[in-house]
Amino acid sequence: MAAPTGIKSPTRARIAARTLRTDRWWLYPTFTALVLLAFVAYATYRAFVGEHYFAEPYLTPFYSPCVTTECVEGSSHLGTWVGDWWPLSPAVLILVIPLSLRLTCYYYRKAYYRSFWMSPPACAVAEPHRRYTGETRFPLILQNIHRYALYLALAYNVLLTYDAVMAFKSPEGEWGHMGLGTLILVVNAVLLGLYSLSCHSCRHIIGGRLRSFSKHPVRYRAWGMVSVLNGRHAQLAWASLVWVAFTDFYIWMVASGTWSDPRFF
Amino acid sequence: MGYDLQMKVWRGDATGGELVDYTVPVEEGEVVLDALHRIQATQSGDLAVRWNCKAGKCGSCSTEINGKPRLACMTRLSTFEDGETVTVTPLRAFPVIRDLVTDVSYNYKVAETIPAFAPEPRPADGAYRMQQVDVERGQEFRKCIECFLCQTVCHVIRDHEENKPQFSGPRFFLRYAELEMHPLDTNDRRQLAREQAGIGLCNITKCCTEVCPEGIHITDNAIIPMKERVVDRSFDPVTWLGRKIFRRDQLEEAQVPQSRAE
Ligand code: SF4
Ligand code: SF4
Ligand code: FES
Ligand code: FES
């Protein structure tokens, strides 16, 4: 057997317990794991079913933009330039973008390293792994491309904003309509926008990378604003995640005729 | 109003030890360090505990209280439930010397390896000038009291002794960040942050921030910004190209002042 390491190393105080914490430290990792699993299960199902994703004028964010010939009529704002070779549902093509943002997001990294990888499960609770190389090796070294996922996601947010604007058209194609679905799509675009803007890489690019703030007053001010949002990054990560699933669910229900969309005007 | 506090205190040294039960009369408003001092004064005169200021400013009294790294002088007894047993152990990431005292010299060795502040030459009138916004930026990092609670909680070394030679730990990522964000400093420590300080080993699980008694946002304001700087330096193809084109890679990179090998 290899020599004991960590809290069992020979020079350290000999204490058998893996942790002496008496509070419910397992609550955060357990809850996080459950919510993330529920989201992944829901999103996978919805991404692969390939139906009930468009209810004029609402297009669910999971299928926006819809770019294969398989897309239902009216749902392809950007055309169907991908054509018909793509074998899976059109959602799978596009979900790669938000997925890569969230997978490499500094906040979600904390969340899943703790709750799935248990590295560590909670502070001052010994992790079960013998070896640990952090983010220095493949594949985790790829977390360093997070800023590129952000650039893509920012472009994707433009499309979601476009979808939210289009939701002000009535099903007959006339401007000046608003239904509950419009409101839901607007909130969705705002939350996803705030989530991406509050990103740590965004904060760095906007001004954090500067050595001197005083030489760049405009970027300093922008950095200050992003920093305020950044302080709420974890909350925005959760809120936008839950809301995007809810948005999809709402449009699914409308598209399948389970309920109809209340119209404000 | 006084009452009896049930305590378990780790007693021993590198050859072994155990949690010893104590019943300690305490007063309302007292802190864990008071209870430890009472044990010393009335029950076990040889209990080893390090302390100095009793005001949360010297960083000497770091221990683990009910499993959480904390300052004994800043942990009020009123934070525990009625009848709750308070367990105190030495820091579990460092070699134990005796009872609650550990050998934290690992941290001093790391400190020596960070290239010092290297200001640009003085301007003609001999006076360095810094704007208030630039001064304020590093202020948070200078609040550090070197209690090393963030170091002891960091699983990179707490759970993996073998990582110590390659890893500086959160307290020193603060130092790297502070210097890298200093407008007068001329060193580039980004390569070192990756290769010597092992910032890639940190998986930003934020325990350092959770335990810092000074409330420093270690992860958000120092580690992640340093990780992003390392990306600029080593992983981002666009900034890499920019460096080549504008010949910024000709600039000096800081050298290690002293090797970590003993
Ligand atoms: S965030 Fe990084 S440095 Fe801080 S405790 Fe976690 S692994 Fe260690
Ligand atoms: S950063 Fe905070 S926890 Fe770490 S040594 Fe400094 S004061 Fe202590
Ligand atoms: S999106 Fe979370 S840190 Fe970038
Ligand atoms: S005795 Fe100085 S910080 Fe506790």
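In this predicted model, the largest nonpolar core has 114 residues, and the members that touch the most others are B:Cys150, B:Val153, B:Phe173, B:Leu174, B:Ile223 and B:Met226. The element that gives the most to this core is H9(B), with eight residues. Both domain 1 (3-102) and domain 2 (105-250) of chain B contribute to this core, each with at least three residues.

**Around one core residue**

- Leaving aside residues up to four places away in sequence, B:Phe173 touches B:Ser168, B:Ala197, B:Ile199, B:Ala222, B:Ile223 and B:Met226.
- Two of these partners, B:Ile223 and B:Met226, are also listed with B:Phe173 among the core residues that touch the most other members.

**Chain B as a whole**

- Chain B contains 10 helices and seven strands, and its C-alpha trace spans about 70 × 40 × 30 Å along the principal axes.
- Chain B has 262 residues, of which 45% count as buried.
- When contacts in chain B with a separation of 6 or more are considered, 65% of them are accounted for by residues 24 or more positions apart.

**Two domains of chain B**

- The domain assignment divides chain B into domain 1, covering residues 3-102, and domain 2, covering residues 105-250, and the C-alpha centres of these two domains lie 32 Å apart.
- Where the domains meet, 14 residues of domain 1 are in contact with 13 residues of domain 2.
- On the domain 1 side of this contact, E4(B) gives the most, with four residues, and the residues of that side divide into seven nonpolar, three polar and four charged.

**Strand pairing**

- Strand E3 (residues 62-65) of chain B runs antiparallel to E4(B), to which four bridges join it, and within this pairing B:Ser62 has B:Leu71 of E4(B) as its bridge partner.
- The hairpin of E3(B) and E4(B) has two residues between the strands, and in this hairpin B:Asn66 takes a positive phi near 45°.
- E3(B) is also joined to E5(B), again in an antiparallel manner, by two bridges, and in this case B:Glu64 has B:Thr89 of E5(B) as its bridge partner.

**Ligand 1**

- Ligand 1 is surrounded by 14 residues, and the closest of them are B:Cys154, B:Pro170, B:Cys202, B:Cys207 and B:Cys208.
- Three helices of chain B, namely H5 (155-158), H8 (207-211) and H9 (218-235), each supply at least two residues of this shell.
- By class, the shell around ligand 1 consists of nine nonpolar residues, four polar residues and one charged residue.

**Ligand 2**

- Ligand 2 is surrounded by 16 residues, the closest being B:Cys144, B:Cys147, B:Leu149, B:Cys150 and B:Cys212, and helix H4 (149-153) and helix H6 (170-180) of chain B are the elements that give two or more residues to the shell.
- The shell around ligand 2 is made up of 12 nonpolar, one polar and three charged residues.

**Contact with chain A**

- Between the chains, 50 residues of chain B are in contact with 41 residues of chain A.
- The elements of chain B that each supply at least two residues to this side include strands E1 (3-13) and E2 (16-26), as well as helix H3 (132-139).
- H9(B) provides the largest share of this side of chain B, with eight residues, and the side as a whole divides into 20 nonpolar, 14 polar and 16 charged residues.

Key:
Residues are numbered from 1 along each chain as its sequence is written. Chains are lettered from A and ligands numbered from 1 in the order in which they are written. This is a predicted model: local features need pLDDT of at least 70, side-chain atom pairs count only at pLDDT 80 or more; totals for chains, interfaces and linings use all residues. A residue is near a molecule or strand if its C-beta atom, placed from the backbone, lies within 6 Å of it. Ala, Val, Leu, Ile, Met, Phe, Trp, Tyr, Cys and Pro count as nonpolar, Asp, Glu, Lys and Arg as charged, and the others, Gly among them, as polar. A nonpolar core is a set of buried Ala, Val, Leu, Ile, Met, Phe, Trp, Tyr and Cys residues joined through C-beta atoms within 7 Å. A residue is buried if 20 or more other C-beta atoms lie within 10 Å of its own, exposed if 12 or fewer, and partly exposed in between; C-beta atoms are placed from the backbone. Domain bounds come from an automatic or database domain assignment. Two residues are in contact if their C-beta atoms, placed from the backbone, lie within 7 Å. Two strands pair if DSSP finds at least two bridges between them.
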